[in-house]
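Here's a quick tour for anyone meeting this protein for the first time. Have a look at the structure, then read on.

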Amino acid sequence: MSNLTKNIIWAIITLIVISLVLSYFVGPQTQPKTLSLSQLVSDVNANQIKQIKVNGDELDITMTDGSAAVAQKEDGTNITDTFKNLGVNDQALQGVDLQVVNQSGWQYWMSLLGPDILTLIAIMFIFWLMFRQAKSGVNQAFNFGRSNLKLSTFKDRVMFKDVAGLKEAKEELIEVVDFLKNPKKFLDLGARIPRGILLMGPPGTGKTLVARAVAGESNVPFFYISASEFVEMFVGVGASRTRDAFMQAKHASPAILFIDEIDAVGRQRGAGMGGGNDEREQTLNQILVEMDGFDRDTRVIVLAATNRPDVLDPALLRPGRFDRRVILDLPDMNDREAILKIHAEGKTLDKDVDLRRVAMRTPGFSGADLANLMNEAAIASARHSKTSIGQAELLEAAEKVIMGPERKSRVISPREKEITAFHEGGHALVAAAVKDADPVQKVSIISRGFAGGYTMKLPNEDQHLKTRAQFLADLAMMMGGYASEKLTFGDVSTGASSDLKEASKLARRLVTKYGMSDLGPQVFGDSQELMFLGHELSNERNYSDKVAADIDEQVHKFLMHAYEIAERVLKTHKTALKKIADTLIEKEVLEQDDFYALLKPFKIKAIAA
Ligand code: ADP
Ligand code: MG
Ligand code: ZN
């Protein structure tokens, strides 16, 4: 039995029960007998009437034997006159308790309509229940083909001032705001209005946020739909949902229609990935049809977001469709500081909090990461029973977002602690003693996430380009842990395995991608990368076996060279290494300033890697 029939049966049962209950309360329990006026008069004369209540023209009668009766008098006549005219015995009438009940108009109408109104309310209540059930998705069939279009309300209206950084994106989008506010200006000039704007950027960079800000600034409704929802349920729904979404937006025009994750439907048709999915193609076609069907003065602007612009179907990008593209980059240091400031609003910070330092420590963080960081810091401060957020909590939160929470409770033996201290000390010392290496921000032997300990080194500025010398320094530093273990204990532990993995990957990139090896300025292999995300999807080999062997040799050379540099540094500064390790065993954590203060007496001269 389907949900719908079940619901209807339930509704009918409820209706019957309610009407029974109502009739019990409202309807008369036992029908009193009706007397004619002449009958009443003779009863009065026979002293059989105890009480008469005059209620308008109705007479509610109680007989001496306790039974009830009703009678009707003539319209607008006086009851005593009536009785007299009909020849009631005066004495007999004195024995009757005669009462006149004054009825207000309201009571009168209620007595007439009350039962009907109650029934009506009950029926409406039942319908409301049914609708609510259908809406809440218990009965999905009702929703078939309807888009889950969310209309943002003005309660959470977002403005450009709530979006930090993203300067170029905002400049581009201000034009849209201008058009939505003042379309005539553009149309009079014969300008073609942008219909679709594609926001491209890594996850969490504020694509949804900035789209909402456009709606907020223009003061128009904002319709949100995620393209992955289009294809979620039944075959054939995607296209009709799309039609529905555009219809609603046009109906509310001027409006913004935001299609999130458009790559879910907008992949190149017939490109093979995920199989030839007819459903997706139909949905995509419908989007194209809808956008082409816009009139010149349709005031609906479609914004779409994706972090995979590389896989989009070129048809989507043609003029008249998503012909404008706005790139949202990961925030640089200034933007990160600004984003932190926005999310610090409404939170209490310690007076000495330096958001710039937090921004410095968080290269590669997206806006969403930074919002998360601020929240984590607030939670940590509350856990420490503080009334405001401190710098320590902020930096701690940054590390937590990068590497997972500290695992202080993990028991490590003194031996393991010593190995970790020398391992991390090795990384840190090499970083300090090699030219072109990034400064050490923090060394810690408290395990965090999957790492036993960690050395954090970050550039002081955002880097967009990196040189060969910097990569060599990186490689040497990665080898620092391994070299230190070998030098100190004459043995190596599994603790170095992820360092070696990273180093090997980096060395291979130097050879095959950046042309930084002896093989010269050439790229080997045709690799497809996930744009923005840096994952390699596929790597097609387009070189001979001989070249493959050459590449392996070059990789090996890079790694051995890095190892030798690390070893040389650590051998030259053995006492410094021991000092760092001992301090780490004692304190577990060394901040940047303490670390460099510790090294000062050793007067280390940096060598080239
Ligand atoms: P995307 O859609 O690109 O994945 P969102 O717009 O959903 O990213 O961003 C997630 C959250 O991150 C936002 O709600 C906001 O709190 C924060 N955020 C991202 N970028 C910014 C920014 N530039 N300024 C302020 N907050 C930001
Ligand atoms: Mg988003
Ligand atoms: Zn290491």
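## A few ground rules

Two strands count as paired if DSSP finds at least two bridges between them. Helices (H or I, at least four residues) and strands (E, at least two) are DSSP runs, numbered from the N terminus.

This is a predicted model, where local features need pLDDT of at least 70 and side-chain atom pairs count only at pLDDT 80 or more, while totals for chains, interfaces and linings use all residues. Residues are numbered from 1 along each chain as its sequence is written, and side-chain values use heavy atoms, leaving out hydrogens and water.

## The big picture

The protein has 22 helices and 16 strands. Of its 609 residues, 40% are buried (under 20% relative accessible area, with a 1.4 Å probe and protein chains only). Its accessible surface is about 33,000 Å², with 54% of that belonging to carbon and sulfur atoms; such areas come from the Shrake-Rupley method with a 1.4 Å probe.

Now for contacts, meaning heavy atoms within 4.5 Å. Take those between residues at least 6 apart in sequence: 73% of them join residues at least 24 apart.

Strand S3 covers residues 58–63, and its side chains alternate.

On one pairing, strand S2 (residues 49–55) runs antiparallel to S3, joined by six bridges. Here Gln51 has Thr62 of S3 as its bridge partner. Two residues lie between the strands of this hairpin, and Gly56 takes a positive phi near 65°. S3 also pairs with strand S4 (residues 68–72), again antiparallel, over five bridges, and Glu58 stands opposite Gln72 in S4. That hairpin has four residues between its strands, with Gly66 in the turn at a positive phi of about 90°.

## Two crossing helices

Helix H17 (residues 414–433) packs against helix H22 (residues 592–599) at an angle of about 75°, with the axes 12 Å apart. H17 and H22 are therefore roughly perpendicular (65 to 115 degrees). Ala428, Leu429 and Ala432 of H17 meet Phe595, Tyr596 and Leu599 of H22.

## A buried loop residue

Where does Val158 sit? Val158 is in the loop between strand S6 (150–152) and helix H6 (167–181). Its relative accessibility is 9%, so Val158 counts as buried. Leu209 is 51 residues away along the chain, yet the C-alpha atoms of Val158 and Leu209 are separated by 7.4 Å. Leaving aside residues up to four places away in sequence, Val158 touches Leu209, Arg212, Ala213, Gly216 and Glu217.

Key. Chains lettered and ligands numbered in written order. Axes fitted to C-alpha atoms, helices over the stretch in contact; angles between N-to-C directions. Parallel < 35°, antiparallel > 145°, perpendicular 65-115°, else oblique. Buried < 20%, exposed > 50% of the residue type's maximum accessible area, 1.4 Å probe, protein only.
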